Amino acid sequence: MKALVKAAVVVGGVVPTALFGLIVAGASAVDASGRNTGLVSGLNLAVMPAAGRQYAPWYIKSAAQCPGKLTPALLAAQGYHESNFNPTIGSPAGAVGIAQFLPSTYLTYGEDSDGDGETGPKDPQDAIMAQGKFMCSLIARAEKSGYGGDPIALALAGYNAGWGAVDKYKGVPPYKETTGYIAAILDTAKKWATALGGPGVAGLGTGSGPDAVRHAYTQLGVPYSWGGGTPGGPGRGFCDGTNGYLNGSCSASVTAGFDCSSLAQYAWWPSVKLPRTAADQYAATASRPVNRGDLKPGDLVFWSHGGPASIYHVGLYFGDGQILHAPRTGKSVSIVPMDEAMPKGDYLGATRPGA
């Protein structure tokens, strides 16, 4: 597979061994009230490009398919150097998508991992999961090969140049592109492998708003469940005749997760005990409105079909023009650009629950 971002040149064609110690155990931080304020993953959003942050939950899930071998930071760094997190990009060699799979290779490792009824190398969530499976198989192959060098480097070489080239040279092939590819990914992964916690996540700073974001951030990847979730965490929801269904079945009743307003409630609890629904949350905080240009992390942002009485969605402002929210049935808690979260014309406004 071809790396689409120019990689660093490795002196003498040798990958620095100092970059190989990448299996890190991320440690989560806990604030004074005992709330988890970080993510046990070893993937720091603070230093990731904005385009990749929304895929963090999937890199975490994908790495978990190969415990003790892969880290979310390594897979995310590989995705960055393969495609710059572009899920629709293609290469002259025929590789496509965020993980730059050849369609023939994807057939072996890909499946409908996100449950949306579709799959393919241009489906970023499915491709990220397939990326982890493929890398795990390459690591196993490297460990059995008896070739010198770190199995992670050998696996990355197999991903980039094909395992046939690794067999030919009985190690990392001396191709400038491949050695540069490995070095660039390992270097990036090392930078991104710092566990989250405290005031540093995404440069949010201190205060009740950033703390609320950090609290909600620990739930990235948790599925949406209409009516589900409490201030204590994810919970099963219900269907009301219109909402909560997926492919004709009541998904909410069997899914432990959050809907948009329960996630906001969870985020701010207990410093601000928000009511349960988005409309009530707006009413409870409307005395502290915030202009869009003055948004700060933790502010509640609302969408409506026409005024406060028709509010249908709420999210937490994350920073950098993005929100952290629980989007809809079939999706998971994620970070997305505000203007992509819901129709731009439905944006109602924002409020600030705490100081």
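Start at the largest pocket of this predicted model: select α2 (56–63), α5 (124–145), β9 (334–337) and α12 (338–341), each of which supplies at least two residues of its lining. The largest share, three residues, comes from α2.

The space in this pocket is about 600 Å³. To find its centre, select Q125, P327, G330, K331 and S332, the closest to that point of the 31 lining residues. Colour the lining by residue type and it divides into twelve nonpolar, twelve polar and seven charged.

Next, show the strands. Six of them form an open sheet with antiparallel pairing, in the order β5-β10-β6-β7-β8-β9. Go to the edges, where β5 (289–290) and β9 stand; each has a single partner strand, so one side of each has no neighbour in the sheet. At the β5 end, select β10 (residues 347–351), which runs antiparallel to β5 and is joined to it by two bridges. Here V290 stands opposite A350 of β10.

α10 lies across β6, β7 and β8, and its angle to β7 is about 40°.

Finish on α10, residues 260–268. Nine of its nine residues are buried, so the helix is largely enclosed by the rest of the structure. Select them in turn: C260, S261, S262, L263, A264, Q265, Y266, A267 and W268. Then bring back what covers them, which includes α9 (208–217) and α11 (278–285), together with the strands β6 (300–304), β7 (311–319) and β8 (322–325).

Technical notes: Residues numbered from 1 in each chain as written. Predicted model: local features only at pLDDT ≥ 70, side-chain atom pairs only at ≥ 80, totals over all residues. Heavy atoms only, no water. Buried < 20%, exposed > 50% of the residue type's maximum accessible area, 1.4 Å probe, protein only. Helix = DSSP H or I, 4+ residues; strand = E, 2+ residues; numbered from the N terminus. Contact = heavy atoms within 4.5 Å. 1 Å grid on protein atoms, 1.4 Å probe; cavity = no way out; pocket = protein on both sides within 12 Å on 5 of 7 lines; lining within 4 Å. Points joined across faces, edges and corners; volume = space filled by probe spheres on them. Nonpolar A, V, L, I, M, F, W, Y, C, P; charged D, E, K, R; others polar. Pairing = 2+ DSSP bridges. Axes fitted to C-alpha atoms, helices over the stretch in contact; angles between N-to-C directions.
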